[in-house]
Amino acid sequence: MLHALIMRVHTAIQLIQSRVSLAKSSARVTREQTCRKSRIAEILKAHQDDLAAEWVKNLQATGTGKDSRISESQLREQTKEFLVLLSEAAAAGGDVHSQAWNATVDFLEDVSRSRVQQGFTSEETARFIFSFKQPLFARLRAELAKDHEAFAEETWAATELLDKMGLITIAAFQKTREDLINRQQQEMLELSTPVVKMWDGILALPMIGTLDSARTQIVMESLLQRIVDTGAELAIIDITGVPTVDTLVAQHLLKTVTAIRLMGADCIISGVRPQIAQTIVHLGVDLQGVTTKANLADALSLALKKLGFAVTRTKAAN
Amino acid sequence: MALVKSEELPVRLEQDVVVARQAVRRLAVELKFSLVDQTKMVTAASELARNTVVYGGGGTMRCEVLIDGGKSGLRMTFEDQGPGIPDMTLAMKDGWTSGSGLGMGLSGAKRLVNDFDIVSEVGKGTRVTITRWK
Ligand SMILES: Nc1ncnc2c1ncn2[C@@H]1O[C@H](COP(=O)(O)OP(=O)(O)OP(=O)(O)O)[C@@H](O)[C@H]1O
Ligand SMILES: [Mg+2]
């Protein structure tokens, strides 16, 4: 759908280019074109209500109207408001990037943003504009039936205009989606750094997922900061939730361990499952005397022992 | 030797390394590789995919499921049209890196699989093929 649209815009551009060269080669054509003012604005204004009704009908036929995510009254409001803005802007004339078009563009961008939030696809979002083509063209045909040349001209102008509106809709849709993804990424970065206090002097960092460089950097910094803040003597880095330990992950871990040691604290890596241990050995990575444990419980028990704590059971389990 | 299945994935960005690892894990599970063998193959793929992105400037990974006699195997080919490797002996040496890695990726990947083959030409690109049999 998007691809088809881009192709269409592409052909449109080629058409414009060939028209321009045609206009240049013939002075008569140029004069004729400048004499005629687009009648789209006046047609839009005169038939606003009919156009809105047909547009909504079209939207419903293509599925948007039956969608429970958007009510019919909402759809009516949106089409109506857009038509008012569009006819005002078209009356003022000029390019869609000029001042007169600001309100129309803003409105379309708002519609796109709300479609993203309601979970519509880009195709469904773009359909808002494109389903207006048919009613508008039908109206142009009715109004300009006697003047073939004018009909061709106006149809072309209307196509160009609606394609531009469609592109604005899609661009806004894309932008909103990108913002959403960026925000989620930022949230993930924060989520993934929960440094937990296990005991007096013992911190744990449960790592989950892929340790790419950006994330590891943040995780490492927050752990080091917490060590400084709390004066912890021992940190446990738990990699139970890390599916693959390759040389890059190993390097990140080694750097973190070195930094922790430089701060005078000690470190245990837990969650080193048997298959991970074997793979690290074959990979040839030297963990340089880092203490590793298969699970977090073993690591905690070792940590407690190292700091001189003893855990005793005072009552037998029943 | 019969080729049962073949898939190709782009390996251009850091995120593609994650996708490549997932594809390899899925195939290794399908082939009922042991957990250790799965982990070895996924880790080797991770090393080679990252080299493709970081040094090769991006390329592709092809995964193939093979049957040879009664054995089944997983073969992966990493190919790029990057700068190539000028000194193969050096590149295959434990601990040698031209960047800021540990320099264990190529030699480590070789130890994690059954067959390892690397072809590289300066200015043309690099192709690494690894196979692990069940
Ligand atoms: N696809 C490639 N194209 C060009 N050069 C490569 C390619 N793969 C590896 N090399 C060269 O070989 C060297 C060794 O690669 P290897 O994977 O063993 O180590 P590394 O990537 O530098 O570090 P590590 O993998 O341990 O994080 C690299 O530093 C790089 O110079
Ligand atoms: Mg490498």
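Trainee: At 46% relative accessibility, what does A:Ser301 count as?
Mentor: This is a predicted model, where local features need pLDDT of at least 70, side-chain atom pairs count only at pLDDT 80 or more, and totals for chains, interfaces and linings use all residues. Residues are numbered from 1 along each chain as its sequence is written, chains are lettered from A and ligands numbered from 1 in the order in which they are written, and side-chain values use heavy atoms, without hydrogens and water. Buried means under 20% relative accessible area, exposed means over 50%, and partly exposed is in between, with a 1.4 Å probe and protein chains only. The value for A:Ser301 is 46%, so this residue counts as partly exposed.

Trainee: In which helix does A:Ser301 lie?
Mentor: Chain A has 13 helices and 5 strands. These are DSSP runs numbered from the N terminus: helices are H or I with at least four residues, strands E with at least two. The one that holds A:Ser301 spans residues 296-306 and is helix α13.

Trainee: How far apart in space are A:Ser301 and A:Arg177, C-alpha to C-alpha?
Mentor: An automatic or database assignment sets the domain bounds, and chain A is divided into domain 1 (31-187) and domain 2 (196-306). The C-alpha centres of these two domains of chain A lie 56 Å apart. A:Ser301 and A:Arg177 are 124 residues apart in sequence, and their distance in space is 46 Å.

Trainee: What is the strand order of the open sheet in chain B?
Mentor: Strands of a sheet pair through backbone hydrogen bonds, either parallel or antiparallel. Two strands count as paired if DSSP finds at least two bridges between them. The open sheet of chain B has 5 strands with antiparallel pairing, in the order β1-β2-β3-β5-β4.

Trainee: Which are the edge strands of this sheet?
Mentor: An edge strand here pairs on one side only. Strands β2 (59-68) and β3 (71-80) of chain B pair with each other over 10 bridges, and β4(B) pairs with β5 (125-133) of chain B over 7 bridges. The edge strands of chain B are β1 (2-11) and β4 (115-121).

Trainee: Which residue of β3(B) is the bridge partner of B:Met61?
Mentor: B:Met61 is one of the residues with the most contacts inside the largest nonpolar core, which has 66 residues. Such a core is a set of buried Ala, Val, Leu, Ile, Met, Phe, Trp, Tyr and Cys residues joined through side-chain atoms within 4.5 Å. Beyond four places in sequence, B:Met61 is in contact (heavy atoms within 4.5 Å) with residues including B:Leu9, B:Val24 and B:Met76. Its bridge partner in β3(B) is B:Phe78.

Trainee: Which residue in the hairpin of β4(B) and β5(B) takes a positive phi?
Mentor: B:Ser120 has B:Thr126 as its bridge partner in β5(B). The hairpin has 3 residues between the strands. The residue with a phi near 85 degrees is B:Gly123.

Trainee: What does B:Lys32 count as at 62% relative accessibility?
Mentor: B:Lys32 sits in the loop between α1 and α2 (35-54) of chain B. Its phi is positive, about 60 degrees, although this residue is not a glycine. At 62%, B:Lys32 counts as exposed.
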